[in-house]
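Dear colleague,

I am passing on the structure we spoke about, and below it you will find my notes on what turned up when I went through it. Please read them with the coordinates open beside you.

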Amino acid sequence: MRKVGFLFVSIFMLAGLDVLGQQVNIELGPDQIASNQAFTITLTIHNARLGNYSPFPEIPGFVKRGTSSSSSTNFINGRRSSSQSIIQNYVATAEGEYLLKSFTMEVNGQTYSVQGKKIKVGPPAQRRQRNDPFGSDPFQDFFGRQNAPQEFVDVKADAFLALTTDKSSVYPGEGFTLTLAFYVAGNNRADMRFYELSKQIPDIVKKIKPANCWEENFNIENISGEPVEINGKSYTQFKIYQAAYYPLNDETINFPKVGLDLIKYKVAKNPTFFGRNKQEEIVTFHTKPKKVTIKNLPPHPLKESVTVGNYRLKEKISSESLRTGESFNYSFDITGEGNISAIGEPRLNKDDNFDIYSPNIRQDISRGHGKVRGTKSFGYYGIPNEPGAYAMGDYLQFIYFNVKTETYDTLKSEIILNVTGESKKNEYILSSDMGSFYDAIDIQDNQLVSLAAKDRMRSLANIVIFVMIGMVTLVMFKK
């Protein structure tokens, strides 16, 4: 009865593993930073998809300076675990001591509380002020009235909307980064404001997102200005959308012309202190169409399935010297820049000298600074059966197309495994010998037995087992 009870408890525990596996962490940056360092708040969710979350808190004395994201997926013994992180960056406006109050964030419909703390910003002190390229008027509509009819004039905006890519032609599978941004010149005199971005951006992304590409979205959550220089002229860049795309075939990628609506203000021809001196209007800025062409890969037997990118090998083995029958762990890590998610298993050449089992797979992806980088790790477990010196490169290889050299390349192990001891091949053959099965024929009873009698006995045994299970269950519920 105790065994049956334990069985029921185990079943309920196993059924709840997926729920218990989900975990959300919100981590604050250090208590002390320099004035030229960023303070961060990191939101991490484990074993679940980050569907939605509320905005990160405002910190008095700090301004938000964009976000970055990363994700990690592990496959260990057939079980999958994953994590996804969003990092919010803050920059102090001046040195001093500031208070981050306790706050709450809503993640996937659940509310999480975070204890606040004091943040000390020390030297070197270099005052950083938030860029306001539009020259906002703090007294705009302060009095809310106008004494007399006013004539308004249009001020030309020195600004533009641009859709750019870091590459104009790529190979199938090679990544390129697309950026949609609004640029405002340093000497711009027009007063403008962004308008309903939460509605406009999803529609724009639908128009420009190519159907024949794998996407790695950089997830821009907060739009903030960054100084840039274009043709010797100073601008402030406001990134609206950024993603890395990996073409899945050789079709040319065409990005259409898209528009972004902003609020732009006309100014009064004869401004007065108490009157209305601005008049708003909706203006649309457009991008130019953009095209990315796809180059043909050179001839190769694996041309249709080869991975494309810029990778290198990191490897590690638990021991380079062991005896036959002893196990070893070997890690084959492919790291670099490219579509990490699309990397397949290295080619494994098997023979009787080794028993090598399917790998545990783990991947870590980082998206930031306009690039997608990461590592895909393949962890192997093996047992040598024959003594000798073995080059692991003869057993594990990863062939890919190197976009830097524009040639096919192979990542190959440089480890030599030295094995001593007696051969285990014969032991394996003996363990697989079926002779004892056939020897048993001589001692078996060859008398014919009615199949109908066997079926009746089997049915009776099944009935008895079900009756016993029912009685045990009834006793448990009565208690």
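In which strand does Ser377 lie? Ser377 belongs to strand β28, which covers residues 371-384; please keep in mind throughout that this is a predicted model. With a relative accessible area of 4%, Ser377 counts as buried, because that value falls under the 20% cut-off. Its side chain makes a polar contact with the side chain of Asp333, at 3.1 Å, and, leaving aside residues up to four places away in sequence, Ser377 touches Phe332, Asp333, Asn360, Ile361 and Arg362.

Turning to the nonpolar cores, the largest one has 33 residues, and those with the most contacts inside it are Phe182, Ile208, Tyr241, Phe255 and Phe285. At least two residues of this core come from each of several elements, among them β13 (176-185), α3 (197-208) and β20 (278-286). The contacts of Phe255, again not counting residues up to four places away in sequence, include Leu163, Phe176, Ile208 and Val292. A second, separate core of 29 residues includes Tyr246, Leu322, Ile334 and Phe332, and Phe332 is also one of the residues that Ser377 touches.

Finally, the second largest pocket holds about 550 Å³ of space and is lined by 19 residues, of which Arg65, Gly66, Thr67, Lys239 and His369 lie nearest its centre. Two or more lining residues come from each of β4 (62-76), β17 (233-247) and β27 (360-368), with β4 giving the most, namely 4 residues. By class, the lining of this pocket comprises 11 polar, 4 nonpolar and 4 charged residues.

With best wishes

Technical notes:
Residues are numbered from 1 along each chain as its sequence is written. This is a predicted model: local features need pLDDT of at least 70, side-chain atom pairs count only at pLDDT 80 or more; totals for chains, interfaces and linings use all residues. Side-chain values use heavy atoms; hydrogens and water are left out. Buried means under 20% relative accessible area, exposed over 50%, partly exposed in between (1.4 Å probe, protein chains only). A polar contact is a pair of N or O atoms within 3.5 Å; within protein, one must be able to donate a hydrogen and the other to accept it, and residues adjacent in sequence count only if both atoms are side-chain atoms. Contact means heavy atoms within 4.5 Å. On a 1 Å grid over the protein atoms alone, a cavity is a set of points where a 1.4 Å probe fits but cannot get out, and a pocket is an open set with protein on both sides within 12 Å along at least five of seven lines; lining residues have an atom within 4 Å of a point. Grid points are joined across faces, edges and corners, and a volume is the space filled by probe spheres set on the points. Ala, Val, Leu, Ile, Met, Phe, Trp, Tyr, Cys and Pro count as nonpolar, Asp, Glu, Lys and Arg as charged, and the others, Gly among them, as polar. A nonpolar core is a set of buried Ala, Val, Leu, Ile, Met, Phe, Trp, Tyr and Cys residues joined through side-chain atoms within 4.5 Å.
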